Amino acid sequence: GSLAGTLPSASFNGLSDSQRAIGMLLVVPEWARLLFWPARLKAEYGPPALPLEAPFGAMHALGVMLLAAAVALVLWGWRRNRPVAFAVLWTGIALAPVSNLLSAAGLVLAERTLFLPSVGVVLLLGAVVAALMGKRPTGQRGSRVIFSTTAALLLVAAGVRSGLRQRVWRSQERFFGQITVDAPRAYRAHLMASKYYFSGRRYPEAEAAARTALALYQNDPRVHEQLGQILRVQGRCAEALPVLRAGVTRF
């Protein structure tokens, strides 16, 4: 029923198209970090850690500079190194559907959406390495050995880091316990943890996580609903009603 095919993320509530575009500039540095050096991973990204409604600031400017650099690289590569231009265009086109520019999607940023764009980044790195190695003076094999050794060490380090990260996904208990540690300033991390604890009737933990989510961000009615239902099933209707009422009247 919509271009996005899903309900828009509550993070975009009240934002115009132009405000949403400005807010997404904050995501551009995160894209760059995750594509080139994904050492720190999180299952949730969003406000208030990424304050999409915030006025234009330093991080927005960094996003603009990164986009401008990408455009400049395409223009330069089109004349001098077509593989570079192709790689950057691939990355940009692959990011377009999750950029929230065409339509507000159901997420602000998710690491799973970067698999296809990462192909372009790898092509870019390959083109850069090929260009650098092509300028290497003949007879100097030492630079090739140094580069190969460095690349191998980086691959091993990345493989170890990836293997350690996989342990987070071993069970739901471990995942939902880690999600708020990785993203303490993302309200949805606490909301998702609350839903998990609530499904297991672990009401004290569910309530604590829901209250944290509400303290971080008040513009998602689902947080009010979650906390209200937790209170309701415990017979604490006098506490639940104001919370549920706020979620209805606010939106």
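**Pockets and a helix pair**

Q: Which helix gives the largest share of the lining of the largest pocket?
A: Keeping in mind that this is a predicted model, the largest share comes from helix 6, which gives 11 residues to that lining.

Q: What volume does the largest pocket have, and which residues are closest to its centre?
A: Its volume is about 1,400 Å³, and of the 37 residues that line the largest pocket, the closest to its centre are Leu34, Leu35, Trp37, Pro38 and Ala158.

Q: And how does that lining split by class?
A: The lining of the largest pocket has 27 nonpolar residues, together with four polar and six charged ones.

Q: What about the second largest pocket, what is its volume?
A: The second largest pocket has a volume of about 700 Å³, and of its 28 lining residues, Leu66, Leu67, Ala70, Gly92 and Leu95 are the closest to its centre.

Q: Switching topic, are helix 9 and helix 10 roughly parallel or antiparallel?
A: The axes of helix 9 (residues 203-216) and helix 10 (residues 221-233) cross at roughly 150° and come within 9 Å; angles over 145 degrees count as roughly antiparallel, and therefore the two helices are roughly antiparallel to each other.

Q: Which residues meet there?
A: Among them are Tyr203, Ala206 and Leu214 in helix 9, and Val223, Leu227 and Ile230 in helix 10; by class, the contact has 10 nonpolar, two polar and two charged residues.

Key: Residues numbered from 1 in each chain as written. Predicted model: local features only at pLDDT ≥ 70, side-chain atom pairs only at ≥ 80, totals over all residues. Heavy atoms only, no water. 1 Å grid on protein atoms, 1.4 Å probe; cavity = no way out; pocket = protein on both sides within 12 Å on 5 of 7 lines; lining within 4 Å. Points joined across faces, edges and corners; volume = space filled by probe spheres on them. Helix = DSSP H or I, 4+ residues; strand = E, 2+ residues; numbered from the N terminus. Nonpolar A, V, L, I, M, F, W, Y, C, P; charged D, E, K, R; others polar. Axes fitted to C-alpha atoms, helices over the stretch in contact; angles between N-to-C directions. Parallel < 35°, antiparallel > 145°, perpendicular 65-115°, else oblique. Contact = heavy atoms within 4.5 Å.
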